Amino acid sequence: MAIVTNTTTGPERPHHTLWGDAWVRLRRNKLAMAGGIFIIILALAAIFAPLITPYDFAHQDYTAILQNPNAKHWLGTDGLGRDVFARLLYGARTSLAVGIFTQLIVICIGLPIGAIAGYSGGKVDNALMRFVDVMYGFPDLLLVILLKAVLGSGIYQLFLAIGLVAWVNISRLVRGQIMSLKSRDFVSAARAMGGMGRYITWRHLLPNALGPIIVSITFNIPRAIFTEAALSYIGIGVRPPTPSWGAMIHDGYDVIFASWYQVFFPAIAIALVMMAFTFLGDGLRDALDPKLRH
């Protein structure tokens with residue numbers, strides 16, 4: 001079993017003890033727990049949207065165009081008579097899917113590159129990091145737009161375009177964690193027992209670097225959500241009639257003074273989701289801080 005070496009003082013402690021201590025500290029952080037609970041509630045609302053609202057997100061009722069919030073349409077209707085509350089719930093599916101699936105792509109690309117660079121060092125590290133530096137030099141949003149134009153306009157192409165741009169930071173993080181851990185005693189012991197580089201990296205080094213990686217992913221999810229909202233706002237994100245919070249803001253911008261709710265509610269939804277993930281990320285960072293493990 002891989003052992004985590006405490007960066008302060010004291011004996012080495014197994015993973016289950018450290019993760020248990022981190023969970024206790026996380027529960028004490030009220031903002032982090034509030035953010036996590038909000039994310040869970042939003043995810044459940046998005047999954048069970050058909051049970052919460054009787055309206056379909058694409059249904060157009062031309063007798064109910066631009067209605068203000070009322071008893072029938074809780075958050076009003078848009079210029080095509082579509083229920084804003086229903087589109088907000090179904091739009092949460094899009095936003096959460098973008099945040100989660102893009103991070104899976106980020107992990108699949110950035111984690112191996114960072115791990116190989118950090119453990120190998122030398123020419124391999126230099127070559128991989130120069131490639132990372134080249135990718136880091138491109139403006140993120142511009143590169144996503146270019147990739148989106150090449151890959152196509154589907155939602156899966158959107159996941160891929162954002163993921164292909166967002167992996168750079170996590171590769172640097174993983175590289176730094178691997179380089180700081182590979183000189184520890186438990187790695188030397190694994191080498192002495194005949195462990196090969198790949199085995200040591202995946203069995204010992206990466207498990208001990210999970211804390212910062214999890215925190216980084218938590219912070220990257222709202223960035224991906226905001227990127228999708230920005231792309232949908234300028235008209236190159238999710239294709240209609242699939243609902244997106246950014247597209248809802250775009251649709252309501254032209255009538256913002258007459259129908260303020262079309263912009264207000266999706267904007268509040270984006271702000272709350274980003275705030276919730278930020279609070280959760282801050283809580284995870286504090287909970288997994290090695291200086292607080294005693």
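1. Ala, Val, Leu, Ile, Met, Phe, Trp, Tyr, Cys and Pro count as nonpolar, Asp, Glu, Lys and Arg as charged, and the others, Gly among them, as polar.

2. This is a predicted model, in which local features need pLDDT of at least 70 and side-chain atom pairs count only at pLDDT 80 or more, while totals for chains, interfaces and linings use all residues. Residues are numbered from 1 along each chain as its sequence is written, and side-chain values use heavy atoms, without hydrogens and water.

3. The whole structure holds 2 cavities of 30 Å³ or more. A cavity is a set of points, on a 1 Å grid over the protein atoms alone, where a 1.4 Å probe fits but cannot get out; lining residues have an atom within 4 Å of a point.

4. The largest cavity has about 60 Å³ of space. Its lining consists of D78, R82, V84, R87, M248, D251 and Q262, of which 4 are charged, 2 nonpolar and 1 polar.

5. The second largest cavity has about 30 Å³ of space. Y55, D56, H59, D61, H73, G81, R82 and D83 line this cavity; by class they are 4 charged, 3 polar and 1 nonpolar.

6. I40 counts as exposed because its relative accessibility is 53%, and exposed means over 50% (1.4 Å probe, protein chains only).

Conventions. On a 1 Å grid over the protein atoms alone, a cavity is a set of points where a 1.4 Å probe fits but cannot get out, and a pocket is an open set with protein on both sides within 12 Å along at least five of seven lines; lining residues have an atom within 4 Å of a point. Grid points are joined across faces, edges and corners, and a volume is the space filled by probe spheres set on the points. Buried means under 20% relative accessible area, exposed over 50%, partly exposed in between (1.4 Å probe, protein chains only).
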